[in-house]
Structures are given as structure tokens and as C-alpha cells.
Amino acid sequence: HDYSNKVTSLHDHQVLAIRRGVDQKQLKLTFDIDDSRVDRIIQQAAFSKKHNHQLYQDARKDAWTRLLRKRCTSRQWKEASKRAEERSIHVFCDNLHKALL
């Protein structure tokens, strides 16, 4: 199956199910990112117009593709997973409390 969605749009149970599928090697997790948009954002944030030399462009591209892309996607997925875990524990505790009353 092909499934695509924004990480920020996933429900907690979907995040946990995807993570479980990846851990069991039944799913492959990939991130589609608009690299040209990211390059423009990096250009605006870190470089002035006088730094538009090819060397700076190559450095931006290398930093994004080799270093930052994986770090950013890993961090976002880790935060989504942590949030989903915390919420699932809270739901479990609420359900257990209701069941014991």
C-alpha cells in the first residue's frame, strides 16, 4: 500500500501503528520534502544577497542534503512519536480508572 500524509496531520494511533510497522520491518517510512522551498528558507534565514556566490549555493545544498534533512525529519518523527506515546498512556490510564470504578 502507498500511504501519504503530513506528519502533523497524523492521529496518535496512526503514528504508533506506523512506528510499530517500521519496527517490524513491514513498513518503510520516508519523508517527501520540497527541497527548493527549504533552500529558499535557508537562503533567507542565513545568507544575505551578497552571499549568492556558487560556493554558498553549493554549501547550502550540501548542508541540507547531507546533514540537515535527516536530522529535521528524525526530530519531527521523534516528537510525533513521543506525543503519541504520552497521549496513549493518558488514555490507557483514563480507561483503566473508569474500568476499576
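The model is predicted, so local features need pLDDT of at least 70 and side-chain atom pairs count only at pLDDT 80 or more, while totals for chains, interfaces and linings use all residues. Residues are numbered from 1 along each chain as its sequence is written, and side-chain values use heavy atoms, with hydrogens and water left out.

Let's start with the largest pocket, which has a volume of about 860 Å³. A pocket here is an open set of points on a 1 Å grid over the protein atoms alone, where a 1.4 Å probe fits, with protein on both sides within 12 Å along at least five of seven lines; its lining residues have an atom within 4 Å of a point. The volume is the space filled by probe spheres set on the points, which are joined across faces, edges and corners. Of the 25 lining residues, Asn 5, Val 7, Thr 30, Phe 31 and Asp 32 are the closest to the centre. Helices H2 (35-46) and H3 (54-100) are the elements that give two or more residues to this lining; helices are DSSP runs of H or I, at least four residues, numbered from the N terminus. H3 provides the largest share, four residues.

Now move to the second largest pocket, with a volume of about 160 Å³. Its lining includes Asp 35, Asp 39, Gln 57, Arg 60 and Trp 64. H2 and H3 each supply at least two residues here, and the largest share, seven residues, comes from H3.
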